[in-house]
Amino acid sequence: SEIFADISPEPIAAASIGQVYKAHLHSGELVAVKVQRPGISLLLTLDALLFHMIGGQLKRFAKARKDLLVAVNEMVRHMFDEIDYILEARNAERFASLYSDCPIHGQTCNQNSKDGITNKTKNASGIKVPKIYWDLTRKAVLTMEWLDGIKLTDETALKKACLNQRELIDQGVYCSLRQLLEVGFFHADPHPGNLFATSSGFLAYLDFGMMGDIPRHYRVGLIQVLVHFVNRDSLGLANDFLSLGFIPEGVDIQSVADALQTSFGKGTQQSQDFQSIMNQLYDVMYDFNFSLPPDYALVVRALGSLEGTAKVLDPDFKVVESAYPFVIGKLLADPNPDMRKILRELLICNNGSIRWNRLERLIASISEQASESSEEPPKSEEKGSHPMGWKSFDMHAVVAATEDLLLFILSEKGQIVRVFLLRDIIRAADIFLQDEVMGCRLDAESKARKTSESEDDAIMKRVMNGFGSLKEAVKLGPEVWTPMFIRIALNPQTQRFFADVISALMMRLSKKFPDTFWVCMSTLIHRVAKSQPPHTPSHPST
């Protein structure tokens, strides 16, 4: 009674390690008080001893994995972290300073000098974290701001509050991807019980007892794993697992790659939900004695929880598919060599050929989203939204990445890419000459092409679509694109490559033109003859 003006007689929420009460401070502020269950520390100690005994016996008699006790120790550490409310309060404040839109103790929104990261209000993400009352917080008692909200599972209440479910998903996905791929400090248990929507449209996070912190090396590795998985590059994926320490030393990487390739065949080529992807990989992980570092195990848990939570609002949600635009934006915006290398792997095959389908999709996305950004009026910053949208691309970053990619292709390392690029240009020129310039093919050939589109036609279509989308993107930022194109055009290697292209095209045309010309002339004469009306003899009048 000396601390609180009133407090609920019964807990409003209860868990195995604590209970939450609703209370008023003497100042009138409404707070949530999380109280640890008496004796929980002793119970967890006994549980920890039991886990160690079971793990030791399994390792000794059942020939369990060598890293079993490491996993047990990590689980025990997280168990004790969750009952340290001082640590949870620090986690909450760090999380809020990195990702929340609301100021803490009068500080500017989204600033954290400790982590060296400042997020301006214009990039606000619609995330809210309860304020911590430090003078009323102890190791076994946590006092924090009371937040009213709507459960994400309550579809009726969300609609009544006029909250956009798609926007809530985007807010959660954007925040989670920033945690895992950009900053590294992440909430490891974002299930529906730890997330809810406020009436003003914010997504509120609770329960910061289970957190993870992954260094940049692992974050880059996670992006590389995603790109190699999307590319179905089994050898690249196997090498990723080795560099991240998932595979023990001495394992045959090619055998791992072959097993991964087989696992890809068990699923479809389309994006799948996270559980399906993990199911594909489980057998391979078991057969080759994979060992996930503790923080990566939390990443897997966080991604699974994120997808499960999002599926409450959208049953068709797929976390890998939703992460793809963020990853592409990250690859385009980050000029570090490792990110540029991943971008090249996304667009260029291991043998040097260009993935025209990926390039076309990427250029189309840039053009479409840049166009949408230019047409949308500026939104108010008061609601904590991110006006440009987290799936939009920064045009300066796009141009910088494009220039880096072109310079790589023009460099000595990109020689094999230029060979494949020259081949594709010649193939596209062949199709253009026959289909667009001459405009005449034998009827039988035309019919065959209607029934089955050839690989050449597909490449031509992608190239033309890509150039069309690029043209639209350039229109939206000519002041950024033009100087880059001038720099590339003045590059001596560019001029040599264009000379090679012109020379190759002239040689090709000199061989193809006579045949194509006579075929077209024959076809044209045939069509003219058919178009003439039949001649009917005239009869003299009697």
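Which element gives the largest share of the lining of the second largest cavity? The legends below take up this question and other close-ups of a predicted model.

**Figure 1. The second largest cavity.** The answer is H5, which supplies 5 residues, the largest share of this lining. The second largest cavity has a volume of about 110 Å³. It is lined by 14 residues. Closest to its centre are Leu-168, Gly-172, Leu-195, Leu-203 and Thr-309. H5, S12 and H10 each give two or more residues to the lining. By type, the lining holds 11 nonpolar residues and 3 polar ones, with no charged residue.

**Figure 2. The largest cavity.** A search of the whole structure finds 5 cavities of 30 Å³ or more. The largest has a volume of about 480 Å³. Its lining counts 25 residues. Leu-222, Val-225, Phe-274, Met-278 and Leu-303 are the closest to the centre. Two or more lining residues come from each of H5, helix H6 (216-230), helix H7 (234-243), helix H9 (274-287), helix H10 (294-313) and helix H11 (319-333). The lining is made up of 25 nonpolar residues, with no polar and no charged ones.

**Figure 3. Cys-162, a loop residue with positive phi.** Cys-162 lies in the loop between helix H4 (155-160) and helix H5 (165-183). Its phi is near 55 degrees. That is a positive value in a residue other than glycine. Is Cys-162 buried or exposed? Cys-162 has a relative accessible area of 71%, and the cut-off for exposed is over 50%, so Cys-162 counts as exposed.

**Figure 4. Asp-207, between two strands.** Asp-207 sits in the loop between strand S12 (203-205) and strand S13 (211-213). Phi of Asp-207 is near 60 degrees, again a positive value in a residue other than glycine. The relative accessible area of Asp-207 is 27%. Buried means under 20% and exposed means over 50%. Asp-207 is therefore partly exposed.

**Figure 5. Ala-15 and Arg-37.** Ala-15 belongs to the loop between strand S2 (13-14) and strand S3 (18-25). Ala-15 is partly exposed, because its relative accessible area is 42%. Where along the chain is Arg-37 relative to Ala-15? The two residues are 22 residues apart along the chain. Their C-alpha atoms are separated by 9.1 Å.

Note on methods: Residues numbered from 1 in each chain as written. Predicted model: local features only at pLDDT ≥ 70, side-chain atom pairs only at ≥ 80, totals over all residues. Heavy atoms only, no water. Helix = DSSP H or I, 4+ residues; strand = E, 2+ residues; numbered from the N terminus. Buried < 20%, exposed > 50% of the residue type's maximum accessible area, 1.4 Å probe, protein only. 1 Å grid on protein atoms, 1.4 Å probe; cavity = no way out; pocket = protein on both sides within 12 Å on 5 of 7 lines; lining within 4 Å. Points joined across faces, edges and corners; volume = space filled by probe spheres on them. Nonpolar A, V, L, I, M, F, W, Y, C, P; charged D, E, K, R; others polar.
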